[in-house]
Amino acid sequence: MLERSKRGDHGVMSVTRPASLGDAAELAELYGQNREFLAPWEPARDEEFFTEAAQRAGLAVMLDEHARGKAVPRMIVDEDGAIAGRINLVDIVRGAFQSGNLGYWVSGKANGRGLATRAVGEIVRIAFEDMDLHRVQAATLVHNARSQKVLERNGFVRYGTAPDYCKIAGRWQDHTLFQLIRPDA
Ligand SMILES: CC(C)(COP(=O)(O)OP(=O)(O)OC[C@H]1O[C@@H](n2cnc3c(N)ncnc32)[C@H](O)[C@@H]1OP(=O)(O)O)[C@@H](O)C(=O)NCCC(=O)NCCS
């Protein structure tokens, strides 16, 4: 049974579930369908990236990171259980930092229905309540107003701009930095 059909603590249907190796084929197809849509917002991709084998290899890395407490890889799913996007908490650091980096996307067809906003809410709850983290960080391109709105609706606060922060669409680009501190911390 898909986790999608499970209800969260607050009785609301979840829009995310844990990633698995079995997602590789569907994920490769979805990345292929969204190649142009995602291109301005993601690292440049080679042809290999859009194959099931490459997606399986990428998922294996993420699942290994998950097993070591370094990442929380989840799929964003539609009402029928189909994958509609991805959300990952990565680079989890413990010690005095207790923080992780958030990344996500929703397919073009599924945009504008609040899926990303709900998915961010769900992974933030996992980060704070299940993993006991202190902070979640996210970085958006300076002109990614849509993603910024998703973060701000979940309580994230913008705290700066990082010049040449990340190589997106083949260019080192400035990013707006956001963080959410666990409210009860
Ligand atoms: C950013 C992204 C995840 C949003 O997904 P989504 O499921 O459509 O998001 P939601 O429906 O939860 O919310 C989007 C909000 O942005 C708003 N929005 C859309 N275009 C906007 C714009 N140009 N400026 C400001 N807000 C905008 C929408 O109206 C919506 O708010 P509303 O519900 O109050 O109307 C999706 O567009 C995406 O995957 N983009 C490409 C990859 C990407 O940018 N990933 C994030 C990298 S930081």
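**The ligand and its pocket**

Helix 5 gives the largest share of the shell around the ligand, six residues, where helices (H or I, at least four residues) and strands (E, at least two) are DSSP runs numbered from the N terminus. The model is a predicted one, in which local features need pLDDT of at least 70 and side-chain atom pairs count only at pLDDT 80 or more, while totals for chains, interfaces and linings use all residues. Residues are numbered from 1 along each chain as its sequence is written, and side-chain values use heavy atoms, with hydrogens and water left out.

In total, 22 residues surround the ligand, and the closest are Asn111, Gly112, Thr117, Arg146 and Arg153; a residue is counted as near if one of its heavy atoms lies within 4 Å of the molecule. By residue type, the shell divides into 11 nonpolar, seven polar and four charged residues, with Ala, Val, Leu, Ile, Met, Phe, Trp, Tyr, Cys and Pro taken as nonpolar, Asp, Glu, Lys and Arg as charged, and the others, Gly among them, as polar.

A polar side-chain atom of Arg153 lies 2.5 Å from an oxygen atom of the ligand, an N or O atom in the side chain of Thr117 is 2.6 Å from a ligand oxygen, and a polar backbone atom of Gly114 is 2.7 Å from an oxygen atom of the ligand. Of the 960 Å² of accessible area that the ligand has on its own, the protein covers 74%, as computed by the Shrake-Rupley method with a 1.4 Å probe.

The ligand sits in the largest pocket, in the sense that more than half of its atoms lie within 2 Å of the pocket's grid points. Two or more residues of the ligand shell come from each of helix 2 (35-38), strand 4 (99-106), helix 4 (115-130), strand 5 (135-141) and helix 5 (145-153).

A pocket here is an open set of points on a 1 Å grid over the protein atoms alone, where a 1.4 Å probe fits, with protein on both sides within 12 Å along at least five of seven lines; its lining residues have an atom within 4 Å of a point. Helix 5 also gives the largest share of this pocket's lining, seven residues.

Notes:
A polar contact is a pair of N or O atoms within 3.5 Å; within protein, one must be able to donate a hydrogen and the other to accept it, and residues adjacent in sequence count only if both atoms are side-chain atoms.
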